[in-house]
Amino acid sequence: MKLYYAPGACSMAPHIVLREAGYKFDLEKVDIPNKKTASGDDFWKVNPKGYVPALKLDDGQVLTEVQVICQYLADQKQDAGLAPKGGTMERYRLMEMLNFTAAEVHKQLGALFNPKMTPEAKEIQLGYIDRRLGTLDKLLAGKQYAMGDKYSIADAYLFTVLNWTNFHKIDTSKWPNIQAFMKRMAARPKVQETLKAEGLVQ
Ligand SMILES: N[C@@H](CCC(=O)N[C@@H](CS)C(=O)NCC(=O)O)C(=O)O
């Protein structure tokens with residue numbers, strides 16, 4: 001399979017999951033503003049939504065949406081233990097966290113990448129982010145990982161989008177559980193491997 005990605009973008013979540021689960025895969029970088037892949041293909045034709053991540057499966061189908069790709073990868077390799085079995089209450093708890101990450105963390109932090117955002121809009125946005133990260137800090141209290149002591153795909157997604165706080169220079173010192181989570185995640189060998197493969201660390 002092949003993951004279409006952009007360095008440090010939300011596509012880093014499935015990228016981490018691919019490595020954590022031990023998949024063999026190819027990577028192709030996408031120039032998002034110009035919608036061109038590294039090999040010169042028109043990215044609109046790969047993913048008509050025009051955004052990363054997109055996972056091309058071995059049968060040629062293309063799967064999109066971070067949460068769905070991550071769940072697909074975890075379900076195809078259940079032995080990796082990255083998601084509880086479908087239909088269980090634990091799985092719905094995981095999906096609850098994935099959706100919170102998508103709608104309340106990914107999209108709220110992601111909005112700050114818009115260069116046309118006015119200072120007033122930015123202030124409102126930072127207010128949302130402050131509340132959502134405050135909630136997340138409480139959710140992470142007393143836990144190693146988002147779902148407790150067990151590492152899961154939710155951690156790969158959270159780490160990826162929380163990493164943008166560095167880019168936006170958001171001070172996270174008032175959220176000690178988030179800071180501890182980020183350190184724990186950054187120490188994982190497969191996360192380091194991913195960051196290197198995307199050219200984000202040496
Ligand atoms: N709902 C999508 C959102 C994906 C998304 O926001 N991708 C960003 C990078 S983090 C992107 O490629 N944006 C370019 C665009 O929307 O044109 C998902 O969950 O996969």
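This is a predicted model: local features need pLDDT of at least 70, side-chain atom pairs count only at pLDDT 80 or more; totals for chains, interfaces and linings use all residues.

User: How many helices and strands does the protein chain have?
Analyst: Helices (H or I, at least four residues) and strands (E, at least two) are DSSP runs, numbered from the N terminus. Read from that end, the elements go β-α-β-β-α-β-β-α-α-α-α-α-α-α. The count is 9 helices and 5 strands.

User: What is the radius of gyration of the protein chain?
Analyst: The C-alpha trace spans about 45 × 45 × 35 Å along its principal axes, and 46% of the 202 residues count as buried. The radius of gyration is taken over C-alpha atoms, and the globule rule is 2.2 Å times the number of residues to the power 0.38. For 202 residues that rule gives 17 Å, and the chain comes close to it, so it is as compact as a globular protein of that length, with a radius of gyration of 17 Å.

User: Which residues form the nonpolar patch on the surface?
Analyst: Patch members have over 30% relative accessible area and no salt bridge; like charges are joined within 9 Å, and nonpolar side chains (Val, Leu, Ile, Met, Phe, Trp, Tyr) within 5 Å. One member sits in helix 4 (residues 89-110), namely Y92, which counts as partly exposed at 45% relative accessibility. Areas come from the Shrake-Rupley method with a 1.4 Å probe, and for residues only the protein chains shown count as cover. The patch has about 310 Å² of accessible area together, and its residues are M89, Y92 and M95.

User: How many residues apart in sequence are the parts that Y4 and F43 tie together?
Analyst: Rings of Phe, Tyr and Trp (its six-membered ring) pair if their centres lie within 6.5 Å; planes under 30 degrees apart are stacked, over 60 edge-to-face, and the rest tilted. The structure holds 4 aromatic pairs, and one of them is the tilted pair of Y4 and F43, at 5.9 Å centre to centre with 45° between the planes. Y4 is in strand 1 (residues 2-5) and F43 in helix 2 (residues 43-46), so the parts they tie together are separated in sequence by 39 residues.

User: What kind of aromatic pair do Y145 and Y151 make?
Analyst: Y145 counts as buried at 10% relative accessibility, and Y151 is buried too, at 9%. Their ring centres are 5.3 Å apart and the planes stand at 80°, so the pair is edge-to-face.

User: Which residue lies over the face of Y151?
Analyst: A charge sits over a ring if NZ of Lys or CZ of Arg is within 6 Å of the ring centre and within 35 degrees of the ring normal. Elsewhere, K35 lies over the face of W44, 5.3 Å from the ring centre. Over Y151, at 3.4 Å from the ring centre, lies R188.

User: Which residue forms a salt bridge with R188?
Analyst: A salt bridge is a side-chain nitrogen of Lys or Arg within 4 Å of a carboxyl oxygen of Asp or Glu, and the whole structure has 9 of them. R188 is in the loop between helix 8 (176-186) and helix 9 (189-197), with its partner in helix 1 (residues 12-20), so the pair ties together parts 168 residues apart in sequence. The closest N and O atoms are 3.0 Å apart, and the partner is E20.

User: Which residues join K190 in one salt-bridge network?
Analyst: K190 and E193 both lie in helix 9, 3 residues apart, about one turn of the helix. Their closest N and O atoms are 3.4 Å apart. Through salt bridges that share partners, K190 is joined into one network with R19 and E193.

Conventions
Residues are numbered from 1 along each chain as its sequence is written. Side-chain values use heavy atoms; hydrogens and water are left out. Buried means under 20% relative accessible area, exposed over 50%, partly exposed in between (1.4 Å probe, protein chains only).
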